[in-house]
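Hi everyone, thanks for coming along. Please have a look at the protein on the screen, and I'll walk you through it.

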Amino acid sequence: MLLVFLVSLSDSLGWSAEVPGSSPGDKSGSDKINKPEEDDYSTTPFTEYGEFNETGDEEADQKFFQFGRFFGVSIGAGFEFIDGFRGALWQGGFPLIDFKVHYWFDFNIAVDLGFATVSQYYDTTLANLQHVDVNLFRVGVDIKYYFDTKALSSAISFANPYLLLGAGSYSKIENSTAAQSQDSDTSLGVCGGAGFEFTIAPRKTFFEIEAKIHIITFKDTYTSRFSTVGLSDLTGSFYTISGNLLFTW
């Protein structure tokens with residue numbers, strides 16, 4: 001009976017229970033307690049701005065995964081010629097055999113891991129060498145940049161042009177049958193070039209035409225061994241032109 005009397009008295013006087021820590025008439029405390037969790041839009045690490053949230057980047061990635069290429073292999077043939085004093089001595093340069101493995105990061109950037117070999121020769125009476133066969137080998141990496149041809153003419157867009165820079169290991173082996181001798185040398189070199197890529201079957205088969213200049217310094221580059229025949233040294237740059245059939249997936 002006493003409990004019923006106290007409840008009735010509090011209601012008649014307008015007394016009400018208050019949330020601890022709140023002032024009389026302040027209902028903010030109860031509002032916070034009753035506030036639904038889904039209405040809390042406070043900043044969190046998951047809702048803050050991030051550099052990978054750009055719409056343009058997401059669209060570019062989606063297009064690349066849908067229309068781009070990822071891996072490829074190519075094989076082709078071509079020829080090599082040399083300028084300078086070495087070019088005056090060496091002859092041949094055909095055929096050049098070229099094999100490459102390709103990987104694309106996006107529509108514009110790709111990397112090639114390649115192997116190439118070609119044969120040259122020269123004739124001389126020095127040291128009874130007479131006829132000397134020269135075999136050249138290259139193992140290297142090229143970074144390629146494909147131009148964005150959307151705003152260019154259809155002829156250029158069809159050709160899909162690109163530039164490249166590379167480096168690698170260059171080896172040469174000289175064999176003289178008359179002198180029964182063999183001389184080998186390996187050196188690092190760099191190259192640069194350009195090419196065109198023509199589509200045969202979209203995303204599957206392409207044909208590449210590629211031209212490069214190679215800068216290499218072998219042990220005999222500055223030799224005076226051939227000065228008696230008018231060659232003060234064997235300096236000269238190497239140039240290659242090749243056509244490759246490229247398969248991608």
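This is a predicted model: local features need pLDDT of at least 70, side-chain atom pairs count only at pLDDT 80 or more; totals for chains, interfaces and linings use all residues.

I'll start with the overall layout, then go through the core, the surface, the rings, the charges and a few backbone details.

Residues are numbered from 1 along each chain as its sequence is written, and side-chain values use heavy atoms, with hydrogens and water left out.

So, the layout. The protein has 5 helices and 9 strands; these are DSSP runs numbered from the N terminus, with helices being H or I and at least four residues, and strands being E and at least two. Reading from the N terminus, the order is α-α-α-β-α-β-β-β-β-α-β-β-β-β. Of the 249 residues, 33% count as buried. Here buried means under 20% relative accessible area, exposed means over 50%, and partly exposed is in between, with a 1.4 Å probe and protein chains only. What about contacts, meaning heavy atoms within 4.5 Å? Among those with a separation of 6 or more, 65% are between residues 24 or more positions apart.

Now let's go inside. A nonpolar core is a set of buried Ala, Val, Leu, Ile, Met, Phe, Trp, Tyr and Cys residues joined through side-chain atoms within 4.5 Å. The largest one here has 27 residues, and Leu 89, Trp 90, Tyr 122, Leu 136, Phe 226 and Phe 238 touch the most other members. Two or more residues of this core come from each of β3, β4, β5, β6, β8 and β9. As background, nonpolar side chains tend to be buried together in soluble globular proteins. Which residues does Trp 90 contact, leaving aside its neighbours within four places in sequence? The contacts include Ile 82, Tyr 122, Leu 136 and Phe 238, along with Lys 172 and Glu 174.

Next, the outside. The accessible surface comes to about 15,800 Å², and 63% of that belongs to carbon and sulfur atoms; such areas come from the Shrake-Rupley method with a 1.4 Å probe, and for residues only the protein chains shown count as cover. There is a nonpolar patch on the surface, with about 760 Å² of accessible area together, and its members include Ile 75, Phe 99, Leu 113 and Phe 137. Patches are made of residues with over 30% relative accessible area and no salt bridge, where like charges are joined within 9 Å and nonpolar side chains (Val, Leu, Ile, Met, Phe, Trp, Tyr) within 5 Å. Strands β3, β4 and β5 each supply at least two of the patch residues, and β5 gives the largest share, 4 residues. Leu 113, for instance, sits in β4.

On to the rings. Rings of Phe, Tyr and Trp (its six-membered ring) pair if their centres lie within 6.5 Å; planes under 30 degrees apart count as stacked, over 60 as edge-to-face and the rest as tilted. That rule gives 11 aromatic pairs. In one of them, Phe 81 and Tyr 239 are stacked, 5.1 Å centre to centre with 10 degrees between the planes. Phe 81 is in β1 and Tyr 239 is in β9, so this pair ties together parts that are 158 residues apart in sequence. Phe 81 is partly exposed at 40% relative accessibility, and Tyr 239 is partly exposed at 23%. Elsewhere, ring pairs link Phe 71, Tyr 103, Phe 105 and Trp 249 into a cluster.

What about charges? A salt bridge is a side-chain nitrogen of Lys or Arg within 4 Å of a carboxyl oxygen of Asp or Glu, and the count here is 12. Take Asp 112 and Lys 144, whose side chains meet at 3.2 Å, N to O. Asp 112 is in β4 and Lys 144 in β5, 32 residues apart. Both are buried: Asp 112 has a relative accessible area of 2%, and Lys 144 has 0%. Another bridge joins Lys 172 and Asp 220 at 3.3 Å, N to O. That one links β6 to the loop between β8 and β9, 48 residues apart.

Last, the backbone. The peptide bond from Phe 94 to Pro 95 is cis, with omega near 0 degrees, and Pro 95 is in the loop between β2 and β3. Asn 160 is not a glycine, yet has a positive phi of about 50 degrees.

Notes
Contact means heavy atoms within 4.5 Å.
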